[in-house]
Amino acid sequence: MNPREVAFNNLQQHFSEARHLNMRKLFEQDKDRFERFSLQFQDILLDYSKNLISADTMSLLLEMAKASDVESWRDRMFHGEKINDTEHRAVLHVALRNRSDNAINIDGEDVMPAVRSVIDHMSDFAGRVRNGEWKGYTGKRITDVVNVGIGGSDLGPKMVYQALKPYRHPEMRAHFISNIDGAHTEEILGQLDPETTLFIVSSKTFTTQETITNANTARSWFLATANDEQHIAKHFVAVSTNREDVIKFGINPDNMFEFWDWVGGRYSLWSAIGLSIILLVGEENFLALLDGAHAMDNHFASAPLAENMPVILAMLGIWYNNFFGAETTAILPYDHYLRSLPMYLEQADMESNGKSVDRDGHHVNYNTGPIVWGATGINGQHAFYQLIHQGTKLIPADFIASVQTHSKLKQQHDIMMSNFFAQTEALMRGRTLEETVEAIEQSGTNIDDVRDRLPHMVFEGNHPSNTILVNKLTPYSLGSLIALYEHKIFVQGIVWNLNSYDQWGVELGKQLAKNILSEIESSDTTARHDSSTSSLISYYLQVSRERGENRDA
């Protein structure tokens, strides 16, 4: 057996005993459990003591990481090797936030001069828009920025824009159009004034169907008021590499912001895709975001595995996914500004490690990426926490909160944080029948009046969670937090022997959609599909005709 198989077998043997661990007892037996199983990096504290682990568990999990060559693969990524082997590309989002003077080479060429040049270009442009120097075609300053993108070109910038609300320009707003549903586009455009709106069209190839369709809709909406295509250059810019099509659209090529094929979409907010971020929060805060991510990069690249925060998070996920059979993981931020973080991590994780074929082209016989989901904590408590507490499924959860709030309502923050701490304690401890009876008696209720309810009021507990505390949600700490999860995803992909940086699974649906669109536009019902798809297309065309929909409207 190779070292990876040996490490897995050792974990499997350990699991036969560890599966019966009881966290309440573990805390009673070890008063130093928190100190033993917690880790702090700068302003981020990770408490992983409320997990079904012992010191032996962690030792064996870290052996698995070492046997999987996590350290070697990590170094290869940081050194610009083409670890995205199916697309023959390097994976260098770390270069986008490399704040050191160190070179990062691909094929012998240092990419850092080009990276710094784009950041300078973004900073210069954003500064002119923010200070009012850049004006719309009627001489009015820009008040609204619309990011037109899809996937990583939408989720990352939107998440960061929401998270950094306290740092935004007071007279500017951002909007995000991603959905091809016309109702979404109309809803956004209905809020805007063409004279004061700037559109960012984010598409590497400038051919992405959803993005270019929405961009053309925005273009037509703008020209209905502006009446002159020359004015497009004052209200549209592009994040792309397709200079020819950008110019055809009417965008001045000087206002095209470049990025590279080694920037994956779901890892691109650090690149020119983050143009909406720098426009709204300014150069200083955007650079602080990069600084925070770079600090986490350095920690990941240099810290021993046992003290490496991304590695610890990743291996705990492996423990539940591959040994306990947990199918999901919940992301539960107790911070309104982080409300889009679960959705952002859904893409980052599931598009990266939602694979059933390994790097060698073999179908795997083990579980890979979990289903990632979540919502803000207090809302979740009144929605789905019931299932986490008393359901039949094991759902490991990450609880995330800020110690200091930007809100002036300190009492409300204290109430929220009391819930935050209480939930992880309740998930770990549960409540026995005896404790339930005692609580009822202390409340003054006659136990005979509620005896039939007692089984429903008992909590088994022993549900695992991680607690991540950020001292305060700042651009710097947010950068570190996002990079923490990026590297966690990377480590898990390596352990599962996956290429986390391609996404072939999204291609088939796109290809079929193009064919079906041509059939819909020509009302062709003769094309070969399965009976379900053919019937659904025919039904759609029939009802559309009967209701007299104008397809050209």
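**View 1. Seven nonpolar, seven polar and three charged residues make up the lining of the largest cavity.** Here Ala, Val, Leu, Ile, Met, Phe, Trp, Tyr, Cys and Pro are taken as nonpolar, Asp, Glu, Lys and Arg as charged, and the others, including Gly, as polar. The model is predicted, so local features need pLDDT of at least 70 and side-chain atom pairs count only at pLDDT 80 or more, while totals for chains, interfaces and linings use all residues. Residues are numbered from 1 along each chain as its sequence is written, and side-chain values use heavy atoms, with hydrogens and water left out.

On a 1 Å grid over the protein atoms alone, a cavity is a set of points where a 1.4 Å probe fits but cannot get out; a pocket is an open set with protein on both sides within 12 Å along at least five of seven lines, and a lining residue has an atom within 4 Å of a point. Points are joined across faces, edges and corners, and the volume is the space filled by probe spheres set on them. There are five cavities of 30 Å³ or more, and the largest holds about 180 Å³. Of its 17 lining residues, Leu 316, Gly 317, Thr 329, Pro 396 and Lys 488 lie nearest the centre. Helices (H or I, at least four residues) and strands (E, at least two) are DSSP runs, numbered from the N terminus. For this cavity, α14 (309-324), β10 (328-333), β12 (397-404) and α20 (475-495) each supply at least two lining residues, and α14 has the largest share, with five.

**View 2. Six strands form an open sheet with mixed pairing, in the order β1-β2-β13-β12-β10-β11.** The edge strands β1 (38-41) and β11 (371-374) each pair on one side only; pairing here requires at least two DSSP bridges between two strands. From one strand to the next, the twist averages 20 degrees. Look for β12 beside β13 (residues 465-472): these two are parallel and share seven bridges. Axes are lines fitted to C-alpha atoms, for helices over the stretch in contact, and angles run from 0 to 180 degrees between N-to-C directions.

View 3

View 4. Helix α17 (residues 385-390) has the largest share, three residues. Ten nonpolar, ten polar and four charged residues line this pocket.

**View 5. Helices α21 and α22 (residues 531-546) cross at roughly 40 degrees, with axes that come within 10 Å.** The crossing is right-handed, a term used when the near helix is turned clockwise from the far one by less than a right angle (left-handed if anticlockwise). Ile 516, Glu 519 and Ile 520 of α21 meet Thr 533, Ile 537, Tyr 540 and Leu 541 of α22; contact means heavy atoms within 4.5 Å. Five of these contact residues are nonpolar, one is polar and one is charged.
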